[in-house]
Amino acid sequence: MNSFDVDILNLWYGDNHVLHDVSLGIPARRVTALIGPSGCGKSTFLKSLNRMLDLVEGVRIEGSVLFDGQDIYAPGVDVTTLRKNVGMVFQKANAFPMSIYDNIAYGPRIHGVRKRGELDELVERSLRDAALWDEVKDRLTKSALGLSGGQQQRLCIARALAVGPQVLLLDESTSALDPISTEKIEELVSRLKRDYTVVMVTHNMQQALRVSDYAAFFLLGDLVEFAPTERLFNSPGDRRTADYVSGRFG
Amino acid sequence: MNPKKSIVEKTFQGVFFVCGVLSIALVAGIAIYLIVSGIPAIAEVGPARFLLGQTWNAGKGEFGILPFILTSILGTLGALALGIPLGVFAAVYLSKFAGKRLARVIRSAVELLAGIPSVVYGLVGMIVLVPAVQRAFSLSSGATLLTASIVLSVMILPYIINVTSTALDAVPKEYEEGSLALGATETETYFRVSLHAARSGVAVAIIQGVGRALGEAMAIIMVSGNVANMPHPLGSVRFLTTAIVSEMSYAPYGSLHRNALFSIGLVLFVFIVLVNVVLSLVVRPKEA
């Protein structure tokens, strides 16, 4: 069962052709890592999955991206519903300048949850799921900006979980964090795949190997290889993949 | 260093110093002057009767300025009630929705709005707004507190738009992306996240508007009827500023009447100082 089925996706920024004929299926309730050198298109690919590219001017997309069997680029698709179902955590933690509680409650409130009790419950559950509850339960009304970088990033994960997504997209979400915070988030991701499909862009080969079940290797806008992570790293089917994962370039 | 050069150097440092402290000296001078000339009338009338008295009738020796104080406060609040939503919405449009070319046109229009002399606002208000208010509410005169509030709201609009849109422009894109990625619409994002993040800027805009509205005299004297009544939205009123302007020319030198006008100036000054204190509390960088 796949969360996403991407078929012959081509993408241009203006005249710059950045994704070429990308086709792959992203399995549900697994962690899929997108790897490849800078500028290979993996981040762009990730952002095509929740249509965050709509915000960029001059983007042209061809091909189809099916989420749960529905083409998300078909006319009349409700982008807000799509993004509710496909959450995203960014490279840099972007906690809102509000209290911890209000950060988490923001999404549910937007989507119509008003009752205090329901919100309280959602906030607690999301923070627990993001392994942050014990650290912040006594300071929920304090500003989220007082948290450490790693805590803020987990807060962003909790915030994304609070709207009840099926998929979580992580865009190099540990690249700005210290090793201990990174480890916490990796553990978290490994646990989250029981309930969520996770797609993560990472520059860290060890991280991809530790955390992901599947890996997709991008190079210069091409999807070179997509395979179970173990196989992609240990017996890659393509020479370029072998060179990259063994550290010969990148 | 040769002695001649050192003299030039010292002289200029002295000049810079004098220029630098001049602004302090001016403020201090004005404050002292207002206090010295404003206290006697307050003392003679009695602070309570002066500040809380409901009738101002110089001919009969009655100097209660409560009508002016309330009019200034209510007129300013009315201007804010109209000006804040209009200005904030315009700023959101300007910063977030408007195309580059249209935004440029709007910005220059807003700048022009800020540069129009207040007497011109008064003239337009007198010719257009006063008759309109008169007709709309079937009044004997359209020169009312409401009319003055409308004129004031237009006058503070450019401040609110400018400061708010600058603050909105400074909101990190990441906040907005975070909100959109949660499935919020653009409108929800701009109102709940961007404006929230820019709230200290919005507060500054509002306080500056308050300062401007409290201090305005020329435009509102022309549209408010200038009668020392207790304020009523559809009645003719007199503000703190216009009370001074309208009687200063015929209050005899050294009289209680003239001194009472100085006291009004002192009260106005205190209001403005309070507004500035609030402003500096708001813009003070937050401790991290």
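Between them, domain 1 of chain B and domain 2 of chain B bury about 1000 Å², and 79% of that is on carbon and sulfur atoms. Keep in mind that this is a predicted model. On the domain 1 side, look for Leu34(B), Ala41(B) and Phe50(B): these residues lose the most area to domain 2 of chain B, and together they make up 49% of what that side buries.

Count the residues that touch, and you get 13 from domain 1 of chain B in contact with twelve from domain 2 of chain B.

Now hop over to chain A and find helix 4 (residues 116-129) and helix 6 (residues 149-161). Their axes come within 8 Å and cross at roughly 130 degrees. Angles over 145 degrees would count as roughly antiparallel and 65 to 115 as roughly perpendicular, so helix 4 of chain A ends up oblique to helix 6 of chain A. The crossing of this pair in chain A is right-handed.

Which residues make the contact? Helix 4 of chain A brings Ser126(A), Leu127(A) and Asp129(A), while helix 6 of chain A answers with Leu155(A), Ala158(A) and Leu161(A). Sorted by class, the contact between helix 4 and helix 6 of chain A has four nonpolar residues, one polar and one charged.

Notes:
Residues numbered from 1 in each chain as written. Chains lettered and ligands numbered in written order. Predicted model: local features only at pLDDT ≥ 70, side-chain atom pairs only at ≥ 80, totals over all residues. Heavy atoms only, no water. Axes fitted to C-alpha atoms, helices over the stretch in contact; angles between N-to-C directions. Helix = DSSP H or I, 4+ residues; strand = E, 2+ residues; numbered from the N terminus. Parallel < 35°, antiparallel > 145°, perpendicular 65-115°, else oblique. Left-handed = near helix turned anticlockwise from the far one by under 90°. Contact = heavy atoms within 4.5 Å. Nonpolar A, V, L, I, M, F, W, Y, C, P; charged D, E, K, R; others polar. Buried area = accessible area lost by both parts, 1.4 Å probe.
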